[in-house]
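Work through the exercises below with the sequence and the model open. Try each task before reading its solution.

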Amino acid sequence: MKIVAIIPAHLNSIRFPKKIIYPILGLPMIEHVRRRALLFEDFNEVIVATCDEKISNLVKKFGGKTIMTSNNHKNGTSRVAEAIQKIDCSHVVLLQGDEPLILPNQLKVFYNNIINNPGYDSWNATGKIESFDDLDKYSIVKCIVSNSRNITKCFRYYKNLPDKFKDKSEIRKILGLIAYQKDFLDKINNKPETNMEKKELIEQIRIIENGYNLISVSIFPTLPSVNEPNDVKIVEDYISQNKEQQEIFNSILYSK
């Protein structure tokens, strides 16, 4: 098995333009994510996939690897599907560039789930919903997980759920850490968008609605990601107030 990590990145984020290169405690967000992925040493490679020369040049300046992709992608999944065509691997981990607090031990948990169950189609890290206020926050994607760990539904607004799905204890947060068998990623990327996928703007819905398995991998703790500008302060405070996060930040600040 060869497992590579790809970080899809572009400048035109809808809710927070250029967030991928926004400085968090002096370090561009993409570098927080890339360097944390490198701290987990079992990935065969860690590569940034982007359509923007500004991002590519920034990453290369810090010694990172990049692959240039089309600028027509609607989501990270399709961008990674293009990038992975040029890479020899069996599985790919899609690590979203807006997860600057991701921990190496969380990547290990996720990686081990792939190693132990290599025949699954896809995996998605999920976390506990920390606040019920998040259940109707549009920028946070939520999901329902079955007893067999299959993610059976993804959504944005709790208030729009049918009553049969409204047990709050069964709802989890979708995190920006997804994995695919390489061949499966190509297969699902070539299938048409579903109506619900278009409505919710959640690419994992295509996997579920086509009858493939999307396995939930429980990650603890649930860490803040950066979806909107005000999330930057939350992330910076988290780093400054958490000893483990401080140690990791100090270890990556001057690394490449």
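## Exercise 1: The cores

The largest nonpolar core has 33 residues, and the members touching the most other members are I30, F43, I55, V93, F110 and L177. The model is a predicted one.

**Task.** Which residues does F110 touch, not counting residues up to four places away in sequence?

**Solution.** Start at F110 and skip residues up to four places away in sequence. The contacts are then V93, W123, N124, A125, L177, I178, A179 and V217. Another core, of 29 residues, lies apart from the largest one. Its members include V4, I84, I178 and L214.

## Exercise 2: Helix 1

**Task.** How many of the 11 residues of helix 1 are buried?

**Solution.** Take helix 1 as residues 29–39. Buried means under 20% relative accessible area. The residues that pass are M29, I30, E31, H32, V33, R34, R35, R36 and A37. That is nine of the 11, so helix 1 is largely enclosed by the rest of the structure.

## Exercise 3: Two helices

**Solution.** Two packed helices are described by the angle between their axes and the distance between the axes.

Next, find the contact residues. Helix 8 supplies Y238, I239, S240 and Q241. Helix 9 supplies K243, Q245, Q246 and F249. Sorted by type, the residues of this contact are three nonpolar, four polar and one charged.

## Exercise 4: Backbone exceptions

**Task.** Where is the cis peptide bond from F220 to P221?

**Solution.** Most residues other than glycine have a negative phi, and most peptide bonds are trans. The bond from F220 to P221 is cis, with omega near -5 degrees. P221 is in the loop between strand 11 and helix 8.

Positive phi comes next. L25 is not a glycine, yet has a positive phi of about 50 degrees. L25 sits in the loop between strand 2 (23–24) and strand 3 (27–28), and is partly exposed at 37% relative accessibility. L201 has a positive phi of about 55 degrees and is not a glycine either. L201 lies in the loop between helix 6 (195–200) and helix 7, and is exposed at 52%.

## Exercise 5: A loop residue

**Task.** Is I102 buried or exposed?

**Solution.** Locate I102 in the loop between strand 6 (91–95) and helix 4 (104–116). Its relative accessible area is 8%, so I102 is buried. Beyond its neighbours within four places in sequence, I102 is in contact with R36, L107, L177 and L223. The C-alpha atoms of I102 and T222 are separated by 9.4 Å, though the two are 120 residues apart along the chain.

Methods. Residues numbered from 1 in each chain as written. Predicted model: local features only at pLDDT ≥ 70, side-chain atom pairs only at ≥ 80, totals over all residues. Heavy atoms only, no water. Core = buried A, V, L, I, M, F, W, Y, C linked by side-chain atoms within 4.5 Å. Buried < 20%, exposed > 50% of the residue type's maximum accessible area, 1.4 Å probe, protein only. Contact = heavy atoms within 4.5 Å. Helix = DSSP H or I, 4+ residues; strand = E, 2+ residues; numbered from the N terminus. Nonpolar A, V, L, I, M, F, W, Y, C, P; charged D, E, K, R; others polar.
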